[in-house]
Protein chains: 2
Amino acid sequence: MRDFAPTEARLDVTRAKYPAFPREPAVLVRLIKHLFKEIHDEANGKLRAYGLNHPEYNILMMLYGSPDNRMHPSELADAAGEKSANVTRLTTQLCEKGYIVRSGSEEDRRKVTLTLTPEGLAAIADFLPDIVTLLHRQTRNLAKNEQEQLELLLKKMLAGFGGIGGRAS
Amino acid sequence: MRDFAPTEARLDVTRAKYPAFPREPAVLVRLIKHLFKEIHDEANGKLRAYGLNHPEYNILMMLYGSPDNRMHPSELADAAGEKSANVTRLTTQLCEKGYIVRSGSEEDRRKVTLTLTPEGLAAIADFLPDIVTLLHRQTRNLAKNEQEQLELLLKKMLAGFGGIGGRAS
DNA sequence: TGTTGAATATACACAAATGAACTATATACT
DNA sequence: AGTATATAGTTCATTTGTGTATATTCAACA
């Protein structure tokens, strides 16, 4: 278990030097960062045994979450939160592993369709039990209603992003 | 604002194919991942104007959060959630920018001490107003008591990590 | 139709992050 | 004291991620 107390102590010091620094927002941002890194590292650890990394796993699961096991790269980029250039690389890797196939789209010839192969589905069936165990472990400290409460708050926070004054684009 | 509905739809499809896949844990993990990416991207956007990126900013703020503006690399790695090899690289960059200095430690000659320079402090004073604005914006959708509630739940979740069956080490 | 502007995917050069090996120092144990 | 073991930090090779330019196709519209 990680100890978050030092982080809070640092925040107190920071606020003593610069009182306008807002405690709650800063705590939340740092908590999310730490959680993400833990989740990411643990998932990578589990997946290494299957010859995959976390982003590749995400791509596979996004495809698996589609009714016909297929998506376009731009959809994938949005779903997995990866830049499109990165999706190209990741899907190329997965193609080389034989887990997905690329094919042109007829309705819009700019588009490419990425589809899970039987081998890809088999790989998913292979690692999912381990992932399910991991997911349960990562949330074991939260009761069911706490998980729902947390989901609600995170969604609310996420909804505040990207509005006016957002990133330069 | 990001729309999270497609992610939930994908989860429903996934659960139809593989019922054991746990909805709440998966939603939470994906929400945290999306939030982190948004936070990271927005911070990078703001900081670019100051010639810094998010990890460099984090290092500076961890040092700033120390009473005497100094830390050892291993402490920094833990505090900023970075691998030690990465801390070496990041602190080298910050040294080159003149924001921190490296010095040996007398009590333990294996250790290195990293200290903010006056230039580093000036840089912090320079970008902090912008960061404070950003932090407020990123949490604008949450009332004060919601922020506290969220903090509590995230801490509780984080506390469940790294226990038995953790990553291979 | 022909032209303009937007969208899709990729290529490529560069930046950032990681794992594993290595050096140096400290600590524990006999 | 002497040897084994652990810790702190760095280096290096490799993997992973990003920004920008480019080719292709589509959509809008004069």
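## Basis of the model

Residues are numbered from 1 along each chain as its sequence is written, while chains are lettered from A and ligands numbered from 1 in the order in which they are written. Because this is a predicted model, local features need pLDDT of at least 70 and side-chain atom pairs count only at pLDDT 80 or more, whereas totals for chains, interfaces and linings use all residues; side-chain values use heavy atoms, with hydrogens and water left out.

## The interface of chain A and chain B

The contact (heavy atoms within 4.5 Å) takes 79 residues from chain A and 79 residues from chain B. The size of an interface is often given as the accessible area lost when the parts come together. Here, chain A and chain B bury about 8,500 Å² between them, and 64% of it is on carbon and sulfur atoms. Buried area is the accessible area (1.4 Å probe) that two parts lose on being put together, summed over both.

Between the two chains there are 10 salt bridges, a salt bridge being a side-chain nitrogen of Lys or Arg within 4 Å of a carboxyl oxygen of Asp or Glu. In one salt bridge, the side chains of A:Glu8 and B:Lys155 meet at 2.7 Å, N to O.

On the side of chain A that touches chain B, the elements that give two or more residues are helix 1 (5-17), helix 2 (23-48), helix 3 (54-64), helix 4, helix 6 (118-138) and helix 7 (144-159) of chain A. Helices (H or I, at least four residues) and strands (E, at least two) are DSSP runs, numbered from the N terminus. Helix 2 of chain A gives the most to this side, with 19 residues. By class, the side has 38 nonpolar, 18 polar and 23 charged residues. Ala, Val, Leu, Ile, Met, Phe, Trp, Tyr, Cys and Pro count as nonpolar, Asp, Glu, Lys and Arg as charged, and the others, Gly among them, as polar.

## Symmetry of the two copies

A rotation of 180° with 0.1 Å of shift along its axis superposes chain A on chain B, with an RMSD of 0.2 Å. The two copies are therefore related as by a two-fold rotation axis. The same surface serves both copies, since 100% of the contact residues of chain A recur in chain B. Copies are superposed by least squares on the C-alpha atoms of residues with pLDDT of at least 70 in both.

## A salt bridge within chain A

Over all chains, the whole structure has 24 salt bridges. The side chains of A:Glu8 and A:Arg23 meet in a salt bridge at 2.5 Å, N to O. A:Glu8 lies in helix 1 of chain A and A:Arg23 in helix 2 of chain A, so the pair ties together parts that are 15 residues apart in sequence.

## DNA strand C

A residue is near a strand if one of its heavy atoms lies within 4 Å of it. Of the 22 residues around DNA strand C, A:Pro73, A:Ser74, A:Arg102, B:Arg89 and B:Arg110 come nearest. Sugar or phosphate holds 77% of the atoms of DNA strand C within 4 Å of the protein, and the rest belong to bases.

A phosphate oxygen of DNA strand C is 2.3 Å from an N or O atom in the side chain of B:Arg89. For the side chain of B:Asn53, the corresponding distance to a phosphate oxygen is 3.1 Å. Helix 5 of chain B gives the most to the surface near DNA strand C, with four residues. The residues of this surface divide into five nonpolar, seven polar and 10 charged.

## DNA strand D

Of the 21 residues around DNA strand D, A:Asn53, A:Arg110, B:Pro73, B:Ser74 and B:Arg102 come nearest. A base oxygen of DNA strand D is 2.9 Å from an N or O atom in the side chain of B:Arg110.

Methods. Polar contact = N/O pair within 3.5 Å; in protein donor to acceptor, adjacent residues only side chain to side chain.
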